[in-house]
Amino acid sequence: MPLRPTLTPKPAPFDPTVPIGMRPRLKTSQAELDEIVRLHQMYQTARQGGKRALLAYRDLSGLNLARRNLSDCDLTGALLVGANLEQT
């Protein structure tokens, strides 16, 4: 009987057993971020089609978040190195 190789699955980004600094981050483009924030603004004003911004464990490095209302936005474990957070 042949032996089957044992595959070790990669941990999910939200696996609580993986230390935060070692969790994979999903790289987000400025265009993707702009759309997420647009929908979040609709969510904040209770407009149809709005969605809460869930940016947990995303790589937002170097992106522009200036003058955006990020209230109620989930930024748990997000990487914000070099991001512009002026007047947020």
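User: In which element is the place of His-40?

Analyst: This is a predicted model, and the answer follows from its assigned secondary structure. The place of His-40 is in helix 1.

User: Is His-40 buried or exposed?

Analyst: The cut-off for burial is a relative accessible area under 20%. Because the relative accessible area of His-40 is 1%, this residue counts as buried.

User: Which backbone oxygen does the side chain of His-40 reach, and at what distance?

Analyst: Among the residues that His-40 touches, leaving aside those up to four places away in sequence, are Asn-69, Leu-70, Ser-71, Asp-72 and Cys-73, as well as Lys-51, Arg-52 and Ala-53. The side chain of His-40 reaches the backbone oxygen of Ser-71, at 2.8 Å.

User: Where does Ala-46 lie, and what is its phi?

Analyst: Ala-46 lies in the loop that runs between helix 1 (30–44) and strand 2 (58–59). Most residues other than glycine have a negative phi. Ala-46, although not a glycine, has a positive phi of about 60°.

User: Is Ala-46 buried or exposed?

Analyst: A residue counts as exposed when its relative accessible area is over 50%. Ala-46 has a relative accessibility of 71%, and therefore counts as exposed.

User: Tyr-57 has a positive phi too; is Tyr-57 buried or exposed?

Analyst: Tyr-57 lies in the loop between helix 1 and strand 2, and its phi is about 60° although the residue is not a glycine. Because its relative accessible area is 8%, Tyr-57 is buried.

Conventions
Residues are numbered from 1 along each chain as its sequence is written. This is a predicted model: local features need pLDDT of at least 70, side-chain atom pairs count only at pLDDT 80 or more; totals for chains, interfaces and linings use all residues. Side-chain values use heavy atoms; hydrogens and water are left out. Helices (H or I, at least four residues) and strands (E, at least two) are DSSP runs, numbered from the N terminus. Buried means under 20% relative accessible area, exposed over 50%, partly exposed in between (1.4 Å probe, protein chains only). A polar contact is a pair of N or O atoms within 3.5 Å; within protein, one must be able to donate a hydrogen and the other to accept it, and residues adjacent in sequence count only if both atoms are side-chain atoms. Contact means heavy atoms within 4.5 Å.
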